[in-house]
Amino acid sequence: MTRDEVASRITDLIRDRSVVEVEIIREDMKLVEDLGFDSLDRIELGIVIEDEFGIEVEDSVLKEIATVRDVINMVLR
């Protein structure tokens, strides 16, 4: 899967879970400040990413993720 494909899928997953209506999700957007995520939303996103990409996401990593770009980079690692 290319970076663009991962980024597209991640933005779709984030858009589906965001409490803020946003037409375009940019990679520099902050999950909490810009998209309204809380700690429970981050955990849910981690679970969905695990299922979608077949990877394991540590809770400690989820706590450090601040932006959409951080999520994309985590999946690409």
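Predicted model: local features only at pLDDT ≥ 70, side-chain atom pairs only at ≥ 80, totals over all residues.

Leaving aside neighbours within four places in sequence, which residues is T11 in contact with? Select T11 and look around: beyond that local stretch, T11 touches I25 and V68. T11 itself sits in helix 1. Buried or exposed, then, for T11? T11 counts as buried, because its relative accessibility is 13% and the cut-off for buried is under 20%.

The chain averages 92, and 100% of the residues score at least 70. Confidence is lowest in helix 3, with a mean of 88, and highest in helix 4, at 96.

Next, select helix 2, residues 39–53.

Now check both ends of helix 2. At the N-terminal end, show the side chain of D38: one of its oxygens lies 3.1 Å from the backbone nitrogen of L40, capping the helix. Just after helix 2, click on G54, which takes a positive phi of about 65 degrees.

Stay with helix 2 and show its buried residues: D41, R42, L45, G46, V48, I49 and F53. What covers them? The cover includes helix 1 (3–17), helix 3 (59–64) and helix 4 (68–76). As you look down the helix, keep in mind that an α-helix has 3.6 residues a turn, so residues three or four places apart point the same way.

Bring up helix 4 alongside helix 2. Two packed helices are described by the angle between their axes and the distance between the axes. For helix 2 and helix 4, the axes come within 12 Å and cross at roughly 40 degrees; the crossing is right-handed. To see the side chains involved, select L45, I49 and F53 in helix 2, which meet V71, M74 and V75 in helix 4.

Last stop: D59, which belongs to helix 3. Is D59 buried or exposed? D59 is exposed, since its relative accessible area is 52% and exposed means over 50%. Then draw a distance from D59 to I43: their C-alpha atoms are separated by 7.6 Å, with the two residues 16 apart along the chain.

Note on methods:
Residues numbered from 1 in each chain as written. Heavy atoms only, no water. Helix = DSSP H or I, 4+ residues; strand = E, 2+ residues; numbered from the N terminus. Expected span 1.5 Å × (residues − 1). Buried < 20%, exposed > 50% of the residue type's maximum accessible area, 1.4 Å probe, protein only. Contact = heavy atoms within 4.5 Å. Polar contact = N/O pair within 3.5 Å; in protein donor to acceptor, adjacent residues only side chain to side chain. pLDDT = per-residue confidence, 0-100. Axes fitted to C-alpha atoms, helices over the stretch in contact; angles between N-to-C directions. Left-handed = near helix turned anticlockwise from the far one by under 90°.
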